[in-house]
Amino acid sequence: MSFTIQNVFIPVDGGYETVDVQIEGDRITKIAPGLEILGTVVDGNNKLLLPGFVNAHTHSSEMWQRGLIPPVPLELWIAELYDFAPLDPEQVYLSALGTAVETLLSGGTSVVDHLVLIPGKEIETVAAAVKAYQEIGIRAFIGPLIQDEALASGIPNGEVQREATPYFRSTQATLELMQEVVAQFHSPETGVHILVAPTGIQLCSDALFSGCIELSDRYNLCRHAHLLETKAQKQLAQEKYGCSAVEHLKRIGYLSDRTSLAHCVWLSDADIAILAETQSTVVHNPLSNLRLGSGIAPILKYRQAGVNVSFGCDGSASNDSQDLLEAIKIGSMLHNITDFDYRNWITPRQSVEMAAFGGAKGLNMAEELGSLTNGKKADLVLYDLTSLSLLPRTDPIGLLILGRPTQAVNSVWVNGKQIVADGEVATVNVDELRQNLFERSQWDFNRQSKTVSEIEAHYREVMGLGLAKEYS
């Protein structure tokens with residue numbers, strides 16, 4: 001299918017231009033004023049065209065616990081999350097659809113789903129997410145969340161000697177599972193990419209990381225992981241390796257220009273230099289870092305060191321939404337308090353570049369996505385500049401990033417196919433999705449986690465927090 005977007009605003013150096021944009025099939029072919037009409041005409045008057053953003057780190061199935069987990073740090077939060085994780089592939093399918101809808105309607109055309117697997121139904125879990133993403137048409141990068149160490153291993157020992165609890169699935173079985181996932185579902189030509197995605201150093205052995213490196217190299221897969229999200233993880237890395245987690249990942253060969261790392265809150269200047277040297281990407285998840293009290297990632301330092309940075313929403317139980325524009329706004333403004341020199345602060349245009357091109361680069365797709373460039377894939381978002389939240393008329397990108405846009409997305413195309421038209425998702429029945437999410441859930445506000453009660457005392461002791469106190 002071919003179409004021409006006429007008289008649309010696009011950003012250029014020093015301002016904006018009104019141009020026509022021609023798309024043939026899945027590619028941008030021409031960008032210039034007064035082009036000859038090719039195919040269907042799309043009215044771009046009073047609209048802003050930008051490349052699609054990347055929701056570069058989330059966990060779609062967490063949607064079922066949105067707004068539910070109390071304010072606790074990650075190590076306790078994750079214990080509660082896993083106690084009540086979905087056990088039904090249909091839930092995985094519905095929450096993947098919901099994640100995609102919210103991402104699309106906040107400017108995203110790609111999603112990186114660090115997918116929590118249902119024990120004993122791992123292949124069915126991935127199949128459910130793949131089905132959802134292919135039906136809706138978003139570009140999907142699915143990294144099955146794998147580990148080979150039990151949950152308690154993620155908390156530092158401190159002065160306490162604890163017996164290691166074996167994980168229910170062996171390292172070899174986990175790698176064989178990943179091999180099967182790649183064989184069945186890795187299909188970039190249909191918009192589904194599989195990533196190797198060990199959860200992080202806190203719950204993964206070197207053998208698991210090494211096996212993922214081998215799979216990544218053999219099939220040219222991108223790599224993903226959580227990295228130093230919390231102070232406890234920094235302490236744990238010293239216990240496990242006697243050095244920083246970043247230094248250790250470099251030693252074993254996990255860092256590369258195909259590696260994206262979520263959070264990266266507790267890194268030293270030496271760690272940052274390693275990320276720059278290895279061309280690894282940091283995925284900034286500001287809302288979950290604040291919600292879980294993890295800290296503020298040193299994003300300005302990353303940028304000054306030449307590290308590629310993108311944005312993620314993180315999962316809906318730690319954010320608790322998939323509003324990518326909100327994550328970009330907070331993730332840009334947050335750092336104004338970390339550096340007194342305002343010339344280092346992130347501008348709205350830089351935020352757009354990080355969200356689009358930075359996201360694409362972190363997925364080894366910079367040659368294909370992330371900018372309005374002839375020959376690149378037509379992953380595009382058209383914003384309605386007459387939307388009340390984008391008025392009165394000032395700087396369109398300033399309004400988009402610094403404001404609180406609602407119902408501002410007019411149209412979205414992925415691979416040249418229209419997914420959103422006139423502000424409505426065209427590929428799935430959103431009313432039916434809403435009804436399914438409502439009927440498959442219930443009001444729930446006073447549950448108790450068995451695992452949290454088992455590990456909280458040790459966590460508080462090793463982190464120097466004193467006696468446990470009830471939270472409500």
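Four strands make an open sheet in the order β6-β7-β8-β9, and the pairing is parallel. Keep in mind that this is a predicted model. Which strands sit at the edges? They are β6, residues 53-58, and β9, residues 192-194. Each of these two pairs on one side only. On average, neighbouring strands in this sheet are turned by 15 degrees against each other, direction ignored.

Now what packs on the sheet? Helix α2, residues 89-104, does, and it touches β6 and β7. Strand β7 covers 108-116. The direction of α2 makes about 150 degrees with that of β7.

Over to β9. Strand β8, residues 139-145, is joined to β9 by three bridges, and the two run parallel.

Next, helix α7. Which residues of α7 are buried? Ala 245, Val 246, His 248 and Leu 249 are. Look down the axis of α7: the buried residues fall within an arc of 160 degrees, so they line one face of the helix. What covers them? The cover includes α5, β10 (223-227), α6 (231-241) and α8 (269-278). After α7 comes Gly 253. Its phi is positive, near 90 degrees.

That brings us to the rings. The structure holds five aromatic pairs. I'll show one of them, Phe 209 with Tyr 254. The centres are 5.0 Å apart and the planes make 75 degrees. Why call this pair edge-to-face? Because the angle of 75 degrees is over 60, the cut-off for that class. Both Phe 209 and Tyr 254 are buried.

Where do the two residues come from? Phe 209 belongs to helix α5, residues 206-219. Tyr 254 is in the loop between α7 (245-252) and β11 (259-263). The partners are 45 residues apart in sequence, so the pair ties together separate parts of the chain.

Last item: charges over rings. There are two to show here. The charged end of Lys 131 sits over the ring of Tyr 93, at 4.7 Å from its centre. Arg 349 lies over the face of Tyr 16, and here the distance to the ring centre is 4.6 Å.

To recap, then. We have a parallel sheet with β6 and β9 as edge strands. We have α7 with its buried residues along one face. And we have an edge-to-face pair, Phe 209 and Tyr 254.

Terms used:
Residues are numbered from 1 along each chain as its sequence is written. This is a predicted model: local features need pLDDT of at least 70, side-chain atom pairs count only at pLDDT 80 or more; totals for chains, interfaces and linings use all residues. Side-chain values use heavy atoms; hydrogens and water are left out. Rings of Phe, Tyr and Trp (its six-membered ring) pair if their centres lie within 6.5 Å; planes under 30 degrees apart count as stacked, over 60 as edge-to-face and the rest as tilted. Buried means under 20% relative accessible area, exposed over 50%, partly exposed in between (1.4 Å probe, protein chains only). A charge sits over a ring if NZ of Lys or CZ of Arg is within 6 Å of the ring centre and within 35 degrees of the ring normal. Two strands pair if DSSP finds at least two bridges between them. Axes are lines fitted to C-alpha atoms, for helices over the stretch in contact, and angles run from 0 to 180 degrees between N-to-C directions. Contact means heavy atoms within 4.5 Å. The arc is that of the directions from the helix axis to the C-beta atoms.
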